[in-house]
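This briefing concerns the aromatic contacts of one protein model and the setting of one of its helices. Please consult the sequence and the structure shown below.

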Amino acid sequence: MQPNNKAIKGKLFNQYIYFFLFIYIINLLYNIYFHQLTHIFIYCFLIILTTGIFSLNEKLKNSKSIRFILLFIMSLIVFYFDSYYSADAMVYIAYISIIATFPLLFDIVFDYKYIIALFFIFFVEILINIYTNYTLFYNQKLLFSEIRIRRINEVLQLFLCIVINIYFIYQLKIKQLDKIHIIEQNFLEKLPTSEEIENLYQLVIDKDPLFMEKFKFTYPFFEQKLLQLSPNMIISELEVCAFIKLKLTTKEIAYYSNSSIRSIEGKKYRIRKKLSLGSDIDLAVFIYNI
């Protein structure tokens, strides 16, 4: 009984975009202050790109490929700034901020390929800067005060990112719990009432041909779950399972289905085989729990 994490994350994703937009605007103002024209263009591009995400439809927003590309672009920008300001500015800690987004943007279990690819990209980018001694884009005209402010900026951004991610993960868990609660409530509401069960028993006693139709209505998922476990189960075997669900004995099932006890025992044996039940598993208990 798991909630739809994709839908929940999709709703939080829009809020998350606002956070990145805020970070980019702060960095834009920072670079305007230091008259870094190239950096101003970079952050203007990021602001336009981030704003453009809001115009995407939900399918594209939830696309793992789109999210992978966005994080890849962010890593390239971190790679550039890391070299531009040198290792002293500690820009490389921005990779931690990107990694912190993984739990919200990806499913850690099913999207592991994207996550592994991003880790590999980060590793290569860091390795290139270390190998080139951070001289690939390094600006030798930088003042120490600029590097120091950039370092403070990166540390503050990391702290803010950690706080925001804790908040969003908390929100994700709360929404998941709310979703589970709603599912459980709906499930409880669909449980058959004692009156409905009594009606089924009466149909069995009357040997009413509408029994299976009424049973499916009362237990809407029972047959579906059985067929998922054993797609080759035939109608007469499904009917025996329905009788077992109502806690009828072999003798009662034989009487109400106009069959012999031996015939019902044979069907029970075939049902066990089709469900791949071991000798230590009670068929009746197994059926009750479906």
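How many aromatic pairs does the structure hold? The model, which is predicted, holds 21 aromatic pairs.

**Aromatic residues**
- One aromatic cluster is formed by Phe 20, Tyr 24, Tyr 43, Phe 79, Tyr 80, Phe 81, Tyr 84, Tyr 85 and Phe 137.

**Charges over rings**
- Tyr 255 has Lys 207 over its face, at 4.5 Å from the ring centre.
- Over the ring of Tyr 288 sits the charged end of Lys 247, 5.6 Å from the ring centre.

**Helix α14: length**
- Helix α14 covers residues 261-274, and at 1.5 Å a residue its 14 residues should span 20 Å.
- The C-alpha atoms at the ends of α14 are 20 Å apart, which agrees with that expectation.

- The buried residues of α14 are Ile 264, Lys 267, Lys 268, Ile 271 and Arg 272.
- Viewed down the axis of α14, these buried residues fall within an arc of 140 degrees, so they line one face of the helix.
- Arg 262, Tyr 269 and Lys 273, on the other side of α14, are exposed.

**Helix α14: surroundings**
- The elements that cover the buried residues of α14 include α12 (235-245), α13 (250-256) and α15 (283-288).
- Ser 276 follows α14 and has a positive phi, near 55 degrees.

Methods
Residues numbered from 1 in each chain as written. Predicted model: local features only at pLDDT ≥ 70, side-chain atom pairs only at ≥ 80, totals over all residues. Heavy atoms only, no water. Phe/Tyr/Trp six-rings, centres within 6.5 Å; stacked < 30°, edge-to-face > 60°. Lys NZ or Arg CZ within 6 Å of the ring centre and 35° of its normal. Helix = DSSP H or I, 4+ residues; strand = E, 2+ residues; numbered from the N terminus. Expected span 1.5 Å × (residues − 1). Buried < 20%, exposed > 50% of the residue type's maximum accessible area, 1.4 Å probe, protein only. Arc of directions from axis to C-beta. Contact = heavy atoms within 4.5 Å.
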